[in-house]
Amino acid sequence: MEKNINRRDFIKTSSMAGIGVATIASGVTLTTFAANEKPVTNEKRWGMLIDTNKLTEDDIDVMVSACQEEQGWGNEINSTGDQKPGWIKKVKVKDKATGRISNLAMMCQHCEEPPCVDVCPTNASMKRKDGIVLVDMHLCIGCRYCMMACPYDARSFVHEELTNQKEHMPRGKGTVESCTLCVHKVDKGEQPACVASIDSDAVIFGDLYDSTSNINQTLKKVQSAQIRGDLNLNTGVRYSGI
């Protein structure tokens, strides 16, 4: 999914200074938040660094395909236009002064202060202690307040009945969903599907708090930016090259 937007309107940069398993329907169980046997703590903060100078348009397409395959979205047959889900979007950002166009992979930014959590009336929108922002499908009533509150257009509403869902990522008509950073994989020490799909170091994932991690070391060396850094949300996803 691709969107075009003006750079000045879209980007304001700033430098980088256990829920149990439950059955929901036809044998599908909610295991997304219970994949990790160890308790989640705030000693970690998972994040992602995307280098727009290295990440190509084709790379973003690969990331989208990997996310669709892993999480089971994208095959909806009765949803059209803006009804289509988009856990990752390809966004073209143009600098009016120079004409330079950057291609951004946009997904949930996993904010430290997520507006989606603040407005949710049922606590379905939540943030784990390690910074991953999620939606509990059991609690979501589909009010879509979180979609209106998100400054990144990162959430999608499920408009139709779904079949052949992934066990780790059950989805349901009338609920809201978004990027989970592949929490079911992260809790097992693996990389998110979108990151693992890229052969280069254009996308780096890891613990922002770990001084020995690749992402921490890289952010100390390169200038990075948050999308809408002026909102002071302290996003877990950062970009370099913009």
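Predicted model: local features only at pLDDT ≥ 70, side-chain atom pairs only at ≥ 80, totals over all residues.
A residue is called exposed when its relative accessible area is over 50%, and buried when that area is under 20%.

**Helix α2**

- Helix α2 spans residues 57-71, which makes 15 residues.
- From its first C-alpha to its last, α2 reaches 21 Å, close to the 21 Å expected at 1.5 Å a residue.
- Just after α2 comes G72, with a positive phi of about 85°.

**Nonpolar cores**

- The largest nonpolar core has 50 residues, of which M48, I50, L55, M63, M107 and V203 touch the most other members.
- Helix α2 supplies the largest share of this core, namely four residues.
- Beyond its neighbours within four places in sequence, M63 is in contact with L55, I88, A105, M107, C194, S197, I198 and V203.
- Another core, of five residues, lies apart from the largest one and has L49, I204, I215 and L219 among its members.

**Aromatic pairs**

- The model contains two aromatic pairs.
- W46 and F205 form a stacked pair, at 5.4 Å centre to centre and with 10° between the planes.
- W46 belongs to strand β4 (residues 46-51) and F205 to strand β11, so this pair ties together parts that are 159 residues apart in sequence.
- Both W46 and F205 are buried.
- The ring centres of W73 and W87 are 6.3 Å apart and their planes are at 15°, so this pair is stacked as well.
- W73 and W87 both lie in the loop between α2 and β5, 14 residues apart, and both are buried.

**Residue T235**

- T235 is located in the loop between α7 (214-221) and β12 (237-240).
- T235 counts as buried because its relative accessibility is 0%.
- Although T235 and E112 are 123 residues apart along the chain, their C-alpha atoms are separated by 6.0 Å.
- Neighbours within four places in sequence aside, T235 is in contact with R45, Q109, H110, C111, Y152 and Q226.
- The side chain of T235 also reaches the backbone oxygen of V237, at 3.0 Å.

Definitions and conventions:
Residues numbered from 1 in each chain as written. Heavy atoms only, no water. Helix = DSSP H or I, 4+ residues; strand = E, 2+ residues; numbered from the N terminus. Expected span 1.5 Å × (residues − 1). Core = buried A, V, L, I, M, F, W, Y, C linked by side-chain atoms within 4.5 Å. Buried < 20%, exposed > 50% of the residue type's maximum accessible area, 1.4 Å probe, protein only. Contact = heavy atoms within 4.5 Å. Polar contact = N/O pair within 3.5 Å; in protein donor to acceptor, adjacent residues only side chain to side chain. Phe/Tyr/Trp six-rings, centres within 6.5 Å; stacked < 30°, edge-to-face > 60°.
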